[in-house]
Amino acid sequence: MSDAAALLPAWARIVHWLEEHAPGDAAALRPGASEAALDALEDGLGFPLDPALRALLAACDGVVPRRASDEAGAFLIGYGLLDTEKVLEGQRYLASRAEEAVEEGYEDEVGRTSHARWVPFAQALTGDLLFVDHREDGYGTVGELSFGDPDHRRPWPGLAAMSDDLATAMERGTPLPGVGRRPAVHEGRMLEWPAL
């Protein structure tokens with residue numbers, strides 16, 4: 001089964017769990033992006049989207065933007081899903097950071113802290129990002145970029161694996177493997193992931 005095909009059942013489990021246990025997060029979900037919006041995103045990127053990321057955006061075009069930590073929508077371990085416009089904006093930002101690093105003689109930073117083929121799909125209020133790598137080496141892997149850290153992490157081999165891990169942790173109330181966080185519902189309305 002492809003990563004895109006495996007993503008959809010896991011995503012449906014996440015949405016179902018949010019509807020049952022974290023209604024604020026469920027209400028923050030936006031409808032899926034249209035084919036025209038997804039095509040426009042790919043045109044802006046200059047390369048095709050990872051099929052699993054395209055499937056995720058087709059199922060949910062981000063969440064209602066959050067302005068404070070007490071607002072729902074950050075059910076992806078503290079990150080809120082981006083819509084197609086913000087995905088493109090985020091990729092352009094990472095591409096410009098990579099270009100600046102090369103211009104300033106810090107070529108070794110490219111691929112550690114930024115890259116033009118990293119496509120963000122979720123962002124924390126701090127600016128930290130979850131992204132899907134679109135380079136040939138590491139294609140489809142999910143990375144986490146914290147702007148205070150000298151390097152990024154790669155906690156999942158793809159969006160389907162990430163979604164399945166999240167859904168399983170949410171359903172069972174167990175810690176998320178390899179991430180050091182566990183699910184907890186705050187005020188009966190939104191999911192949080194406190195550290196273990």
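Predicted model: local features only at pLDDT ≥ 70, side-chain atom pairs only at ≥ 80, totals over all residues.
1. L41 counts as buried, at 3% relative accessibility. L41 sits in helix α3. Setting aside residues up to four places away in sequence, L41 touches L49, L57, T84, V87 and L88. P177 lies 136 residues from L41 along the chain, and the C-alpha atoms of the two are separated by 32 Å.

2. Helix α3 covers residues 35-45 and helix α5 covers residues 84-103; their axes come within 10 Å and cross at roughly 10 degrees. Angles under 35 degrees count as roughly parallel, and α3 and α5 are therefore roughly parallel to each other. On the α3 side the contact involves A37, L38, L41, G44 and L45, and on the α5 side T84, V87, L88, Q91 and R92. By residue class, this contact of α3 with α5 has six nonpolar, three polar and one charged.

3. A116 is a loop residue, placed between α5 and β2 (118-123). Its relative accessibility is 31%, so A116 counts as partly exposed. Not counting residues up to four places away in sequence, A116 touches F47, Q91, A95 and A98.

4. W17 belongs to helix α1, which spans residues 3-21. The side of the burial cut-off is clear: buried means under 20% relative accessible area, and W17, with 10%, is buried. Leaving aside neighbours within four places in sequence, W17 is in contact with A22, M170, E171, V185 and L191. V185 is 168 residues from W17 along the chain, yet the C-alpha atoms of the pair are separated by 11 Å. Strand β6 takes in residues 184-186 and β7 takes in 190-192, which places V185 and L191 of the W17 contact list in those two strands.

5. Which residue has a positive phi of about 45 degrees although it is not a glycine? That residue is I77, found in the loop between α4 (51-59) and β1 (80-81). I77 is buried, with a relative accessible area of 3%.

6. The other is E187, whose phi is near 55 degrees, again a positive value in a residue other than glycine. E187 lies in the loop between β6 and β7. Is E187 buried or exposed? At 58% relative accessibility, E187 counts as exposed. In sequence E187 and A22 are 165 residues apart, but C-alpha to C-alpha they are 8.9 Å apart in space. A22 is also one of the residues in contact with W17.

7. On the fold as a whole, the protein has six helices and seven strands. From the N terminus on, the order of elements is α-α-α-α-β-α-β-β-β-β-α-β-β. The radius of gyration is 16 Å, close to the 16 Å that the globule rule gives for 196 residues, so the protein is as compact as a globular protein of that length. Along the principal axes, the C-alpha atoms fill a box of roughly 50 × 40 × 35 Å.

8. A few totals complete the note. Of the 196 residues in the protein, 48% are buried; L41, W17 and I77 count among the buried residues. Considering contacts between residues at least 6 apart in sequence, 54% join residues at least 24 apart. The accessible surface comes to about 9200 Å², and carbon and sulfur atoms account for 51% of that surface.

Technical notes: Residues numbered from 1 in each chain as written. Heavy atoms only, no water. Axes fitted to C-alpha atoms, helices over the stretch in contact; angles between N-to-C directions. Helix = DSSP H or I, 4+ residues; strand = E, 2+ residues; numbered from the N terminus. Parallel < 35°, antiparallel > 145°, perpendicular 65-115°, else oblique. Contact = heavy atoms within 4.5 Å. Nonpolar A, V, L, I, M, F, W, Y, C, P; charged D, E, K, R; others polar. Rg over C-alpha atoms; globule rule 2.2 N^0.38 Å. Buried < 20%, exposed > 50% of the residue type's maximum accessible area, 1.4 Å probe, protein only. Areas by Shrake-Rupley, 256 points an atom, 1.4 Å probe, with all protein chains shown as cover.
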